[in-house]
Every structure is written in structure tokens, then in C-alpha cells.
Amino acid sequence: FGSTFLAFSDYMKAAIRLSALQHVPVIYVFTHDSVTVGEDGPTHQPVEQLMGLRLIPGVNVLRPGTAEEVAAAWHQALLSTDTPTVLVLSRGSLGIQGTPVQAHQAMIAGAAQIVAAPAAVVNLIATGSEVQLALAVSQQLPQPSRVISMPDLQRFLSLGQSKKAAIIPKDQAKNVIIEAGTTLGWQAVAGDDGLIFGLDHFGMSAAPQTVLEDVGLVVAVLTEKITQYLGS
């Protein structure tokens with residue numbers, strides 16, 4: 001295994017690609033997975049790296065969103081015998097929402113509901129540390145909402161339609177994506193009328209909360225925009 005900041009995975013792309021070609025079960029641990037790196041600035045803040053890693057064939061990219069999912073992701077990585085795994089982890093701590101069963105399901109299917117709501121009007125779909133943000137937004141929305149953690153986008157997209165619908169029901173609920181990285185690639189989950197919150201430009205050098213406010217990844221901003229979106 002090896003470890004560094006997610007932004008510096010750029011220097012390792014050739015090695016990661018070769019490990020996939022050679023079916024070597026290397027575990028790459030990339031931390032500091034969003035603009036909350038803070039004062040180190042945009043050189044250390046990943047934007048396109050996460051989606052870029054997902055594009056490499058034969059690499060399992062896992063971005064767990066809860067403490068239980070982190071444990072399940074490690075277990076998943078250790079079980080691999082011929083496939084490299086990328087573990088994308090937060091700078092800070094993650095919440096303990098969810099259960100071991102939910103975390104296991106998220107690894108098997110790529111995603112799982114953390115908060116279920118049969119009459120939901122919106123599905124809040126997030127990865128990594130943004131799962132905590134989605135949970136906080138869910139508490140503020142006036143409409144009922146589901147919260148879905150999607151640690152493995154590739155695995156979810158590989159599912160059949162019925163299995164996808166079991167996780168993200170095809171009811172009247174609209175899909176909202178929250179991930180602190182490029183929005184390119186998420187359209188496959190959001191759908192034609194979905195809403196995607198991400199980062200399609202470089203960050204800035206400032207305290208983590210200041211950076212999040214600058215890019216709009218805070219509870220108040222997301223709640224207001226989602227409420228307007230649902231009312232449109």
C-alpha cells in the first residue's frame with residue numbers, strides 16, 4: 001500500500017494504471033480529499049482527480065462517507081486478490097451514521113440509503129465527507145428526503161436497472177448530487193432533471209470553512225438552492 005494527498009495522485013497515475021494492467025492488489029490510500037485542505041491552497045485541493053481515478057479500467061475507487069463505511073471499504077480492499085483499490089479518505093473525522101449492514105450493502109452495490117423516506121420528494125446522493133453535509137441538509141429541508149451514500153460510483157453504474165431502482169427509487173423524487181469535485185460524470189446518476197453540486201474550478205487558500213462557503217458547499221446555501229429547485 002501507499003499513501004499521500006489525493007491531489008498528488010496525479011504523480012502516481014502511471015503506477016496505478018500499471019497495477020490495474022498487471023492485476024496487482026495494491027491499496028492506494030489518498031487523504032485530504034476535498035477543498036477542506038484549506039490554507040495549502042488549490043495546489044493541494046483535488047478537483048478533477050477523483051473522477052479521473054474512476055476512469056481507469058480495473059481500479060476500485062471507494063470514497064466512504066461514514067465511519068462504518070471506512071471499515072467496510074478497508075475490508076473490501078483486503079479481500080481483493082487481483083484488483084488495485086483506491087481508498088479516498090477525508091482530512092477530518094466522519095460521522096457514525098449508518099450501520100455495518102448498510103456499509104456492507106454500500107460496498108456490494110456501490111451505494112445504500114442511510115436515511116429512508118417512502119414519500120421523499122428528493123434523493124440527496126453524496127460521497128465521502130459530503131455525506132455528512134447531505135445529512136445536515138436533509139434536516140433543514142421542509143420536504144421529506146432520502147440520503148444515499150455512494151462510495152463506489154463505478155459499481156453502482158454497473159448494476160441492472162432494478163437494483164439501481166431499489167437504492168434510488170424511480171418515484172417522483174428528484175436527484176441531487178453532492179460531491180466536492182468535478183461535476184462531469186455525475187449526470188448518469190442525476191438524470192436529465194437532476195441537480196449537481198460540485199466544484200468545476202480551482203479552490204482558494206483560506207480556512208476550510210471559508211473555502212466551503214466560497215464554493216457554496218455549506219448547509220444554508222444548499223438548502224436554499226434545493227428548495228428553489230424543488231419549487232420550480
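How many residues has α10, and how far does the helix reach from its first C-alpha to its last? The structure examined here is a predicted model, in which local features need pLDDT of at least 70, side-chain atom pairs count only at pLDDT 80 or more, and totals for chains, interfaces and linings use all residues. Residues are numbered from 1 along each chain as its sequence is written, and side-chain values use heavy atoms, with hydrogens and water left out.

Helix α10 has 13 residues and reaches 18 Å from its first C-alpha to its last, close to the 18 Å expected at 1.5 Å a residue. The expected span of a helix is 1.5 Å times one less than its number of residues. Helices (H or I, at least four residues) and strands (E, at least two) are DSSP runs, numbered from the N terminus. The buried residues of α10 are L222, T223, I226, Y229 and L230. Seen down the helix axis, the buried residues of α10 fall within an arc of 130 degrees, so they line one face of the helix; the arc is that of the directions from the helix axis to the C-beta atoms. Buried means under 20% relative accessible area, exposed over 50%, and partly exposed in between (1.4 Å probe, protein chains only). An α-helix has 3.6 residues a turn, so residues three or four places apart point the same way. The face of α10 turned away from its buried side carries the exposed residues A220 and G231. Among the elements that cover the buried residues of α10 are β6, α5, β8 (174–178) and β9 (195–197).

Within α10 (residues 219–231) lies L230, which counts as buried at 19% relative accessibility. When residues up to four places away in sequence are not counted, L230 touches V121, V122, Q143 and K174, where contact means heavy atoms within 4.5 Å. L230 and H104 are 126 residues apart in sequence, and their C-alpha atoms are 32 Å apart in space.

Just after α9, G216 takes a positive phi of about 80 degrees.

Attention now turns to strand β7 (residues 145–149). Five of the five residues of β7 are buried, so the strand is largely enclosed by the rest of the structure. S145, V147 and S149 point one way from β7, while R146 and I148 point the other way. In a regular strand the side chains alternate between the two faces of the sheet. Two strands pair if DSSP finds at least two bridges between them. Strand β5 (residues 112–115) pairs with β7 in the antiparallel sense over three bridges, and the bridge partner of A112 in β7 is S149. Strand β6 (residues 122–126) runs parallel to β7 and is joined to it by five bridges; here V122 has S145 as its bridge partner in β7. Together, β6, helix α5 (residues 130–140) and β7 make a right-handed β-α-β unit. A crossover is right-handed if, with the strands pointing away from the viewer, the path from the first strand over the helix to the second runs clockwise.

Two residues of helix α2 were also examined. Q49 lies in α2 (residues 49–54) and is buried, with a relative accessible area of 6%. The side chain of Q49 reaches the backbone nitrogen of V47 at 2.9 Å and makes a polar contact with the side chain of E48 (3.4 Å). A polar contact is a pair of N or O atoms within 3.5 Å; within protein, one must be able to donate a hydrogen and the other to accept it, and residues adjacent in sequence count only if both atoms are side-chain atoms. Beyond residues up to four places away in sequence, Q49 touches L6, A7, S9 and D10. R54 is likewise placed in α2 and is buried, with a relative accessible area of 7%. Leaving aside neighbours within four places in sequence, R54 is in contact with V61, T127, L153, Q154, E179 and W186.

In the loop between α4 (100–109) and β5 is G110, which counts as buried at 0% relative accessibility. Not counting residues up to four places away in sequence, G110 touches residues including S149, M150 and P151.
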